[in-house]
Amino acid sequence: MTNILVIRSSANAERSVTNQLIDGYLAQVAAHHPGAKITERNLDSDPVPHVTSATLAGIGRADPDTPHTQSARALSDLLIGELVAADILVIGLPMYNFGMPSTLKSWFDYTLRAGATFQYTATGPEGLVKNTRAVIIAARAGAYGEGAAEFQVAHVRTLLNFIGITNIEIVIAEGLAFGEEAAASAIAAAHGAVGQLVKVPAA
Ligand SMILES: Cc1cc2nc3c(=O)[nH]c(=O)nc-3n(C[C@H](O)[C@H](O)[C@H](O)COP(=O)(O)O)c2cc1C
């Protein structure tokens, strides 16, 4: 059975392009891989808290010794458990101020944990999430391609690579503010690209 973990991070609910593209992806999964198990985490309705001085030790190596650090560790364990159990990680990635939404950054802050999803060795860092591949579904008002202002997909790709996820497929709907026609065409092309990903046999 294929395990799919879906992370949604748009604050636009049902108007969200990334959410619509994820819905399209999941509809294709249901059609082509009916046995797949889907776990969804919506960071808009169920956000991961920001890291603070009260919780930091809970997502580090030290043993958590306060109620705040213990609950941060429990949440980190839960999120990491979902991640490592996933054959496919699907990330909905809106561009907010040239990067990812802060809600998604918080999810990464809780899941990139030394000794759990990566470790430092004598030869440098080693990712420990070896059996997960990723699908990044990005949306943005402007059009950037792979230009210098692109800190959105590049950042997420770097974080995933760091924990060992190197098999990454990326679909970007961009130019969404360039008029209705341009937006409709970008979204239709992205839906097509998402559908193609699912038709490939699951891992
Ligand atoms: C807070 C905020 C910041 C944004 N910053 C950018 C930006 O820097 N560049 C850009 O091209 N679009 C930006 N946008 C537009 C979104 O990327 C665009 O609306 C995209 O469709 C969001 O994904 P969603 O539809 O899944 O919510 C921003 C939107 C919001 C709400």
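Which residue stands opposite Leu93 in E6? In this predicted model, the residue of E6 that stands opposite Leu93 is Ala138. The two strands concerned are strand E3, which covers residues 88-94, and strand E6, which covers residues 133-139, and they pair in the parallel sense over seven bridges.

This pairing belongs to an open sheet of five strands, in which the order is E2-E1-E3-E6-E7 and the pairing is parallel. At the edges of the sheet lie strand E2 (37-42) and strand E7 (168-173), each of which pairs on one side only. When direction is ignored, neighbouring strands of this sheet are turned against each other by 15 degrees on average. Helix H5, formed by residues 180-199, packs on the sheet and touches E6 and E7, and the direction of the helix makes about 160 degrees with that of E7.

A further pairing involves strand E4 (residues 118-121) and strand E5 (residues 124-127), which run in the antiparallel sense and are joined over four bridges. Within this pair, Tyr120 stands opposite Pro125 in E5, and the two strands form a hairpin with two residues between them.

The surroundings of the ligand were also examined. The ligand is surrounded by 16 residues, of which the closest are Ser10, Thr18, Pro94, Ala141 and Gly142. Helix H1, which spans residues 17-32, gives the most to this shell, contributing three residues. When the shell around the ligand is divided by class, eight residues are nonpolar, seven are polar and one is charged.

How values were computed
Residues are numbered from 1 along each chain as its sequence is written. This is a predicted model: local features need pLDDT of at least 70, side-chain atom pairs count only at pLDDT 80 or more; totals for chains, interfaces and linings use all residues. A residue is near a molecule or strand if its C-beta atom, placed from the backbone, lies within 6 Å of it. Ala, Val, Leu, Ile, Met, Phe, Trp, Tyr, Cys and Pro count as nonpolar, Asp, Glu, Lys and Arg as charged, and the others, Gly among them, as polar. Two strands pair if DSSP finds at least two bridges between them. Axes are lines fitted to C-alpha atoms, for helices over the stretch in contact, and angles run from 0 to 180 degrees between N-to-C directions. Two residues are in contact if their C-beta atoms, placed from the backbone, lie within 7 Å.
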